[in-house]
Each structure stands twice: as C-alpha cells, then as structure tokens.
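I am opening a notebook on this structure and will write down what I looked up, entry by entry.

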Number of protein chains: 2
Amino acid sequence: MFQPLDPLLHSELRLAIMSLLISDLEAEFPYIKEQTGATAGNLSVQVDKLAAAGYIEVVKTFKGKRPCTICRITLKGQQAFEAYVEALKSYLQIGKP
Amino acid sequence: MFQPLDPLLHSELRLAIMSLLISDLEAEFPYIKEQTGATAGNLSVQVDKLAAAGYIEVVKTFKGKRPCTICRITLKGQQAFEAYVEALKSYLQIGKP
DNA sequence: TAATTTGGTTTATAAAATAAACTAATTTAT
DNA sequence: ATAAATTAGTTTATTTTATAAACCAAATTA
C-alpha cells in the first residue's frame, strides 16, 4: 500500500539539499545555505548525514585563500532520491484518475 | 525556491493517514491501522495531532457493543494536503522538463 | 591593530516519532 | 462459570531528530 520513506531523505532540509544537487550535481556550501535558507550549523549537520550515508561526497578545497566546501551528489544519492520520489507517489496519488 | 513543508503532514504516518482519508473521506481506526501498518499507540498519537490541528475529526461511536473510532478528513485537512503536495513539487521537479 | 566578515564545526536544547506498557471491555474456550 | 485471549484503544516513556546557539579560525576591511 504505502511504500516506506527513506528517513534520510524525508527531512525538509536534506531533501532541499538533494533537490539542488540532483539538478546541479555539485554546489558550494554557501550557495546551498543561501538557496535553502538554512543556518550554517544545521546545514553542516545535515550535509554530514548525507555524506555518511554515501548520498553525497564532500570535497574540501580552497578558493584562493578561503576554504571552500563542495558537495557533490553520488550515484547512490541519485538512486535514493529517485526511489524516494517513487515512494512518495504512493501517498500522493500523483497522476491518478 | 523551496516552499516550506507543513510539519504536520511531513511525517510518514500522518501523511499515510491523510492519504487514506483523502480518497475515502472517512475510515475506522482499525482499518487505518491495518492499511498503514502502524502500531495502535503510534496511530492514536498521530490521529490526535491531526485532530488537534483540525485536519481530521474523530467521532467515537459504537459498533454493536464494541467501541468504534471513526476519522474523517475536514475541508481544512483537504486544503492542507493539497498545499503540501504543491509544496513538495518545489523539491521534486515533478513534471518538469 | 581592532573590528567585521567568511566559512564553517561542535554542542546543547527542543521537538518528534515510536514503541512499550497499560486499561477496559468483549469474546472464546474449558 | 471462569480463565484466557482478542479487540480497541490510551498513556507514558524512550529514542531520534531537527534546529539553533555558541564557538573557532582565518581573512578582510576600517
């Protein structure tokens, strides 16, 4: 009947992060912060969780002299996102008569 | 960019309850329990929250000698559900090119 | 050189989800 | 008749989670 919803993706902020990365594949921390409106602290925590799950990878480089944290979605992350969207449809009746 | 998600609906079990009631308008407690696979305790708590928000109304009657709890979706609940689905689309790119 | 900004992380708190334990009545079995 | 099991839930307790507040370090600006 209802497909279970991946708890890692069923979170407003983590879903927003993944949604951005599904489109753009990678993005810098401050950009994600701006687009999602999240606080840096919250974003840092949720990025860690997605990285721990292997849904994204986090690369720490420098941009000139400043640190620059880049988040990139993984194949696993893309698949998880698509599975989540499919599961959601069992609740939403999207496109049903 | 991303529309906020009603926290009352952004919960797996509450969303499942509302999804059932969107189709059927009303349902008995044990039926919802069976369809969602939830424990009675969890279901009781989440039904209370939806009722407190005015998204459903709960009518306690009897079916023969046994108590019978009926949940019915309200207009407010239907509107909230539809708004939630719309908000979700800002994360999912459903039907986008 | 002092204050501010940038780019975050760590820690603490508040809220939520969930299950376990419990209540009460009914039905079934002995 | 009475004991056991089932139905129909509620209440309480525990665990997770989300979130913000506090913090740190380096770079920039005044």
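**Entry: ground rules.** I note that this is a predicted model, in which local features need pLDDT of at least 70 and side-chain atom pairs count only at pLDDT 80 or more, while totals for chains, interfaces and linings use all residues. Residues are numbered from 1 along each chain as its sequence is written, and chains are lettered from A, with ligands numbered from 1, in the order in which they are written.

**Entry: chain A as a whole.** I find four helices and three strands in chain A, taking helices (H or I, at least four residues) and strands (E, at least two) as DSSP runs numbered from the N terminus. Followed along the sequence, these elements of chain A give the pattern α-β-α-α-β-β-α. The C-alpha trace of chain A spans about 55 × 25 × 20 Å along its principal axes.

**Entry: α1 against α3.** I went back to the pair from my opening question and found that the axes of α1(A) and α3(A) come within 10 Å and cross at roughly 70 degrees, with axes being lines fitted to C-alpha atoms, for helices over the stretch in contact, and angles running from 0 to 180 degrees between N-to-C directions. α1(A) and α3(A) are therefore roughly perpendicular to each other, on a scale where angles under 35 degrees count as roughly parallel, over 145 as roughly antiparallel, 65 to 115 as roughly perpendicular and the rest as oblique. From α1(A), the contact draws on A:Leu13, A:Arg14 and A:Ile17, and from α3(A) on A:Asn42, A:Gln46, A:Val47, A:Lys49 and A:Leu50, two residues being in contact if their C-beta atoms, placed from the backbone, lie within 7 Å. By class, the residues of this contact of α1(A) with α3(A) are four nonpolar, two polar and two charged; here Ala, Val, Leu, Ile, Met, Phe, Trp, Tyr, Cys and Pro count as nonpolar, Asp, Glu, Lys and Arg as charged, and the others, Gly among them, as polar.

I then looked up the corresponding pair in chain B, where α1(B) and α3(B) pack at an angle of about 70 degrees with their axes 10 Å apart, and where the crossing is right-handed.

Entry: How far apart are the axes of α1(A) and α2(A)? I read 10 Å for the distance between them and about 120 degrees for the angle, and α1(A) and α2(A) are therefore oblique to each other. α1(A) passes α2(A) in a right-handed crossing. A:Leu13, A:Ala16, A:Ile17 and A:Leu20 of α1(A) meet A:Ile32, A:Gln35 and A:Thr36 of α2(A) in this contact, whose residues divide into five nonpolar, two polar and no charged.

**Entry: chain A and chain B.** I counted 14 residues from chain A and 14 residues from chain B in the contact of the two chains. On the side of chain A that touches chain B, α1, α2 (29–36) and α4 (75–92) each give two or more residues, and α1(A) provides the largest share, four residues. This side of chain A divides into nine nonpolar, four polar and one charged.

I next laid chain A on chain B, which takes a turn of 180 degrees and a shift of 0.0 Å along the axis and leaves an RMSD of 0.0 Å, with copies superposed by least squares on the C-alpha atoms of residues with pLDDT of at least 70 in both. The two copies are thus related as by a two-fold rotation axis. The same surface serves both copies, since 100% of the contact residues of chain A recur in chain B. Among the residues of chain A, A:His10 comes closest to the rotation axis, at 3.9 Å (C-alpha).

**Entry: the DNA strands.** Which residues come nearest to DNA strand C? Of the 23 around it, I noted A:Gly41, A:Ser44, A:Thr69, B:Ser11 and B:Gly41, a residue being near a molecule or strand if its C-beta atom, placed from the backbone, lies within 6 Å of it. The surface near DNA strand C divides into 10 nonpolar, eight polar and five charged residues.

Methods
A crossing is left-handed if the near helix is turned anticlockwise from the far one by less than a right angle, and right-handed if clockwise.
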